Each structure stands twice: as C-alpha cells, then as structure tokens.
Amino acid sequence: MRILFIGDIVGKPGRRVVKQTLTELRHREQVDFVIANAENAANGSGITSEIFRELTESGVDCLTAGDHIYRRKEIIPTLETKLQIVKPANFPPTAPGRTWTVLAAADGSSVGVFCLLGRVYMRPVDCPFAAADRVLAEMPPEVKIRVVDFHAEATSDKQLMGRHLDGRVSAVLGTHTHVATADEQILPGGTAFQCDVGMTGPHNSIIGRRIDRVLTTTLTFRPTEFDVAADDVRMCGAVVDVDPETGRSTAIRRIKVSLLPDGGFDVA
C-alpha cells in the first residue's frame, strides 16, 4: 500500500495547493493514505477547527502537529473529539488531544499514526524516545503499518529516532525545518526514513514567511509582522510504499507538486 506524507502546511497558500491538487494526485500516484503536518496551517502558526475540516475534506486522512499546535485555542475541542488529528506524544498527559490514532486506508489496511517533538533547540518536553516506546506498547499489535512524524530541529536527533524505531515502525519522517533533505532511505530493519520532507506553501520566502519582513527584522532588530508569503507555491512530501502484511517499507521517494499559472500543477 502507498502512503503520501505531506510536509508542514503553511498558511492559506499551503492549504490551497493541497485543496487544488490532492484529489488528482491521489489518483495519479495511487495513494491509499494521506498524512499531513498541519500545525502551521492557520496563517503560519496553529490550526483551527475550520481548517481541520477543510484539509480532511480535501483528502487528508490524518493530521499531525508540533510545537504550535495550541497556538489557536479553538482547535482544542477538535483535538479532544476527532480521530484524524494527534498531538505530540511526548506532551504531558493532561495536554488536550490523543497521542496516537489508527485509521483505515483506502485499501482497507489499518494505519497507526503518531507524532513526537524533538528536544534539541526546541521547547522543553518529555523524552521523545520513551514516548515512542510507550505508544508502540499501547498500539494494537495487529496494526502493522505505523507512521511517525518526528517534528524536530536537529538532523542528528531525527537520525537517532530513525535508528531507535527501525524495524518497529513503517516510517519515521521529519518535519519542522521546512527544508527538504536528500537522505530518503530504507533503514536495515525496513523503516522508511527522511530527516525532513519539506514545506507545503510559498517557497519564494524564508521558510514560508515574507522575505522583506524577515530580512528587515534580522538586519535592524525592528519588530515586523512575519506574514506568510504568497509566491511559488509547492507541496513537498514523501511517498512511501509499505508491505501491509509485515509493515515494512519497500520504497521511499521525495515528491514536489508545483502550482502552475494556468491553474494546473507539475509533479517532480
């Protein structure tokens, strides 16, 4: 079965490329299940219940999160009631939301999904490695396909998580830096891995924000609004093929979908 993992959706441009392309892309790529990191989907920071509905109605099966998940408090009822969205599993137990979920793919397979927050150069959180072990102990053993979004800053942190979970999950895919890495691979135990799958949003930007605003503040220390940029809109992510009987991945490749001026899109 085939999984499409979409990197950090940034603001309205990121949501637009998902809405305009995902239905056709699922058909073209024969995708059975779509996961997207959506913690930046609301104007670049956080997510709302309305945006949750917009993305799931556009064809995203499961949404993962990161350090900005609670930036918009109106998402909390959705986190507490919907199966299609998870909080970082190493947040405190009292933090709103579920730490893992299991959903049905188009081919009938059950897919387990959870996300973790890194600790290197990130906000203080519980140990992501211990949290991953705990989630895997809780998840039903008959769920063979298991995908992890590791929302972290340091590539070394992400590589360690890949090795820690190799052979125990189908994929460990990184988010947060908004810059795709060229290290996609199948680890020895059958786990697909990539340090960061990249950003879904405006690429004529500084990781999604207007260049002029970020540059002004960097050079002068004068505060400005880091508004979401608008141009060169792309969806970046990874396509992973998984053996549903074993949960082991057989292939991983980067994917980039660019919106074209005529309203169409190009896939690379």
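Helix α4 spans residues 128–138 of the predicted model, and its buried residues are Pro-128, Phe-129, Ala-131, Ala-132, Val-135 and Leu-136. Buried here means under 20% relative accessible area, exposed means over 50%, and partly exposed lies in between (1.4 Å probe, protein chains only). Helices (H or I, at least four residues) and strands (E, at least two) are DSSP runs, numbered from the N terminus. Seen down the axis of α4, the buried residues fall within an arc of 160°, so they line one face of the helix; the arc is that of the directions from the helix axis to the C-beta atoms. An α-helix has 3.6 residues a turn, so residues three or four places apart point the same way. The buried residues of α4 pack against β6 (110–117), β7 (145–151) and α5 (155–165), where contact means heavy atoms within 4.5 Å.

Residues are numbered from 1 along each chain as its sequence is written, and side-chain values use heavy atoms, with hydrogens and water left out. Because the model is predicted, local features need pLDDT of at least 70 and side-chain atom pairs count only at pLDDT 80 or more, while totals for chains, interfaces and linings use all residues.

A similar analysis was made for α2. In this helix, Ser-49, Ile-51, Phe-52 and Leu-55 are buried. These residues cover an arc of only 155° around the axis, which puts them on the same side of α2. Glu-50 and Glu-57, on the other side of α2, are exposed. The buried residues of α2 pack against β2 (8–9), α1, β4 and α3. Gly-59 follows α2 and has a positive phi, near 120°.

Leu-55 of α2 is also among the residues with the most contacts inside the largest nonpolar core, together with Leu-4, Ile-6, Val-18, Ile-47, Val-60 and Leu-63. This core has 36 residues; a nonpolar core is a set of buried Ala, Val, Leu, Ile, Met, Phe, Trp, Tyr and Cys residues joined through side-chain atoms within 4.5 Å. Two or more residues of the core come from each of β1 (2–6), α1 (11–29), β3 (33–37), α2 (49–57), β12 (233–242) and β13 (249–259). The most is given by α1, with 4 residues. Beyond its neighbours within four places in sequence, Leu-55 is in contact with Ile-9, Arg-15, Val-18, Ala-38, Ala-41, Val-60 and Leu-63.

The structure holds 1 aromatic pair. Rings of Phe, Tyr and Trp (its six-membered ring) pair if their centres lie within 6.5 Å; planes under 30 degrees apart count as stacked, over 60 as edge-to-face and the rest as tilted. The ring centres of Tyr-70 and Phe-91 are 5.8 Å apart and the planes are at 35°, so the pair is tilted. Tyr-70 lies in the loop between β4 (62–64) and α3 (76–81), and Phe-91 in the loop between α3 and β5 (101–104), so the pair ties together parts that are 21 residues apart in sequence. Tyr-70 counts as partly exposed at 25% relative accessibility, whereas Phe-91 is buried, at 5%.

Ala-65 is likewise placed in the loop between β4 and α3, and is buried with a relative accessible area of 0%. Not counting residues up to four places away in sequence, Ala-65 touches Asn-37, Glu-39, Val-86, Pro-88, Cys-115, Asp-149 and His-151.

Overall, the chain has 6 helices and 14 strands, and buried residues make up 55% of its 268 residues.
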